[in-house]
Amino acid sequence: MSSTGDDAAVGGLCTVHVPRTARTVSERPRTGRFPAVQPGQPAIERLAPTSELVGFRGPTACAAAGITYRQLDYWARTGLLEPSVRTAYPATSQRLYSFRDVLLLKIVKRLLDAGVSLQNIRVAVAHLQAAEQADLAGLTLMCDGATVYECTTPQQVVDLLKSGQGVFGIAVGAVWQELELTLGRLHAERTDTGETLVGEDPADELAQRRNRAV
């Protein structure tokens, strides 16, 4: 049975340390290509997964973050990480997650796998939610089991490692790039129109070209 994170080891509340040198509907949704457009449909702008006009439903968020729907549901209900685009209220609506939301889901999963306590994770999530999205790619999170540190330069990472404090690190930028590629292949939804955006997998396109050539 997959862990939801509620059975993680309980540790003292950590504070995210910021170094002094750091910065603190339509009736029936249309189906388009993501990021391209299907032939015969109205042209729309090419949308990257990071766009504010793109949202991801629960199953897609789970697939991209590598978590179960049970974990996703539990984290949303307990307030660890709720979707910022659309919640499950009223009951007839589906949760819709932004790119940042899915990025944080993936980071939470990695912290849990490393044995970081849920209390520490809550503090780290709150800090990352308050940060500018453009700044996230330049961050590295380091954790010594009691404190989560935010590093914005390689030297700060080295200093933590030399002091023996940093025992686990996550390069947020690397997670960002991996997630952007993954989400580009999965279905999404336009947040303004509710239009379904179909993921474009290069492998599928190559297979289609081979079939046409036969």
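A note on the ground rules before going on. I am working with a predicted model, where local features need pLDDT of at least 70, side-chain atom pairs count only at pLDDT 80 or more, and totals for chains, interfaces and linings use all residues. Residues are numbered from 1 along each chain as its sequence is written, and side-chain values use heavy atoms, with hydrogens and water left out.

**Entry 1: Leu-128**

I placed Leu-128 in helix H4; helices (H or I, at least four residues) and strands (E, at least two) are DSSP runs, numbered from the N terminus. Leu-128 counts as buried because its relative accessibility is 3%. For the cut-offs, I use under 20% relative accessible area for buried, over 50% for exposed and partly exposed in between, with a 1.4 Å probe and protein chains only. I also checked Leu-139, which is 11 residues from Leu-128 along the chain, and their C-alpha atoms are separated by 9.7 Å.

**Entry 2: H3 against H4**

Next I looked at how H3 and H4 pack, and found an angle of about 155 degrees with the axes 11 Å apart. Axes here are lines fitted to C-alpha atoms, for helices over the stretch in contact, and angles run from 0 to 180 degrees between N-to-C directions. H3 and H4 are therefore roughly antiparallel to each other; angles under 35 degrees count as roughly parallel, over 145 as roughly antiparallel, 65 to 115 as roughly perpendicular and the rest as oblique. From H3, the contact draws on Arg-100, Leu-104, Ile-107, Val-108, Leu-111 and Leu-112, and from H4 on Ile-121, Val-125, Leu-128 and Gln-129. Sorted by class, I have eight nonpolar, one polar and one charged residues there. Ala, Val, Leu, Ile, Met, Phe, Trp, Tyr, Cys and Pro count as nonpolar, Asp, Glu, Lys and Arg as charged, and the others, Gly among them, as polar.

**Entry 3: H1 against H3**

I then turned to H1 (residues 58-65) and H3 (residues 99-113), whose axes come within 9 Å and cross at roughly 45 degrees. That is why H1 is oblique to H3. On the H1 side I noted Ala-61, Ala-64 and Ala-65, which meet Val-102, Leu-105, Lys-106 and Lys-109 in H3. This contact has five nonpolar, no polar and two charged residues.

**Entry 4: the nonpolar core**

Which members of the largest nonpolar core touch the most other members? Out of 43 residues, I found Val-102, Leu-103, Leu-105, Ile-107, Ile-121 and Leu-136. A nonpolar core is a set of buried Ala, Val, Leu, Ile, Met, Phe, Trp, Tyr and Cys residues joined through side-chain atoms within 4.5 Å. H3 gives the most to this core, with nine residues. I followed up Leu-105, whose contacts beyond four places in sequence are Ala-61, Ala-65, Ile-67, Leu-72, Trp-75, Leu-81 and Tyr-97. I also found a second, separate core of five residues, including Met-142, Tyr-149, Val-157 and Leu-160.

**Entry 5: Glu-178**

Last, I found Glu-178 in helix H7. Glu-178 is partly exposed, with a relative accessible area of 35%. Not counting residues up to four places away in sequence, Glu-178 touches Lys-106 and Arg-110.

Notes: Contact = heavy atoms within 4.5 Å.
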